[in-house]
Amino acid sequence: MCGNIVLCGFMGCGKTTVGQVLAQKSGRSFLDLDQYIEQQQGKTVSQIFADDGEATFRRLENEAARELSRKDNLVIATGGGTVLKEENAALLRETGVIVLLNASLETLERRLDGVSNRPLLQRDDRQEFLRDLYARRIPLYRAAAQLCVEADGDPETVSEHILQKTELFFSKNS
């Protein structure tokens with residue numbers, strides 16, 4: 001068995017981009033949790049939020065976490081809110097290690113500038129909201145994660161750091 005590497009962190013921290021590079025480097029399959037839900041539901045996360053509400057999306061997210069926790073040899077990019085629910089984090093820890101991609105607020109603001117496909121950012125007070133959400137979520141990500149990797153750098157470098165830390169983690173915990 002090859003444990004899963006579960007990437008968590010604030011939107012824009014690089015979970016999908018880094019996750020794809022990491023999957024190639026580690027010989028694991030890459031899976032984006034939001035895309036997984038979209039495929040299962042036949043509509044985008046934005047459409048699910050609009051049509052069915054956030055509560056329905058969070059339920060679908062929990063079901064996806066439960067399904068994926070039964071698999072192994074994956075790099076899973078979670079959605080920004082996935083591990084904020086302790087049940088999801090506990091499920092994902094069963095067969096993997098949760099890694100926080102810790103990007104600075106400055107980096108996140110730059111990466112998210114002009115992005116229009118994030119349901120939570122569809123608002124007039126976007127910058128203020130982003131800063132407030134960041135301040136509230138970062139401590140929760142830290143609590144859910146077993147490892148933390150700085151994520152302001154390029155995807156290649158970040159993925160190398162994750163590989164080093166997760167190999168050590170799995171060797172200590174096997």
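The side chains of Glu87 and Arg66 meet in a salt bridge with an N to O distance of 2.5 Å, a salt bridge being a side-chain nitrogen of Lys or Arg within 4 Å of a carboxyl oxygen of Asp or Glu. Because Glu87 lies in helix α5 (residues 86-93) and Arg66 in helix α4, the pair ties together parts that are 21 residues apart in sequence. Helices here are DSSP runs of H or I with at least four residues, strands are runs of E with at least two, and both are numbered from the N terminus. Glu87 counts as partly exposed at 36% relative accessibility, and Arg66 counts as partly exposed at 31%, where buried means under 20% relative accessible area, exposed means over 50%, and partly exposed lies in between (1.4 Å probe, protein chains only).

This is a predicted model, in which local features need pLDDT of at least 70 and side-chain atom pairs count only at pLDDT 80 or more, while totals for chains, interfaces and linings use all residues. Residues are numbered from 1 along each chain as its sequence is written, and side-chain values use heavy atoms, with hydrogens and water left out.

## Other salt bridges

A search of the whole structure finds twelve salt bridges, and one of them joins the side chains of Glu63 and Arg59 at 2.9 Å, N to O. Both of these residues lie in helix α4 (residues 54-68), where they are four residues apart, about one turn of the helix. An α-helix has 3.6 residues a turn, so residues three or four places apart point the same way. Glu63 is partly exposed, with a relative accessible area of 34%, and Arg59 is also partly exposed, at 45% relative accessibility.

A further salt bridge brings together the side chains of Arg93 and Glu86 at 3.2 Å, N to O. Arg93 counts as partly exposed at 25% relative accessibility, and Glu86 is partly exposed with a relative accessible area of 48%.

## How α3 meets α4

The axes of helix α3 (residues 45-52) and α4 come within 7 Å and cross at roughly 130°; axes are lines fitted to C-alpha atoms, for helices over the stretch in contact, and angles run from 0 to 180 degrees between N-to-C directions.

On the α3 side, the contact (heavy atoms within 4.5 Å) is made by Val45, Ile48, Phe49 and Asp52, and on the α4 side by Glu54, Thr56, Phe57, Arg58 and Leu60.

## Helix α6 and its end

In helix α6 (residues 105-112), Thr107, Leu108, Glu109 and Leu112 are buried, and the buried residues of this helix pack against α7 (126-144). After α6 comes Gly114, whose phi is positive, near 85°.

## A buried threonine in a loop

Where is Thr95 found? Thr95 is in the loop between α5 and β4 (96-102), and at 15% relative accessibility this residue counts as buried. The side chain of Thr95 reaches the backbone oxygen of Ser69 at 2.9 Å, and that side chain also reaches the backbone oxygen of Lys71, at 3.4 Å.

Notes: Polar contact = N/O pair within 3.5 Å; in protein donor to acceptor, adjacent residues only side chain to side chain.
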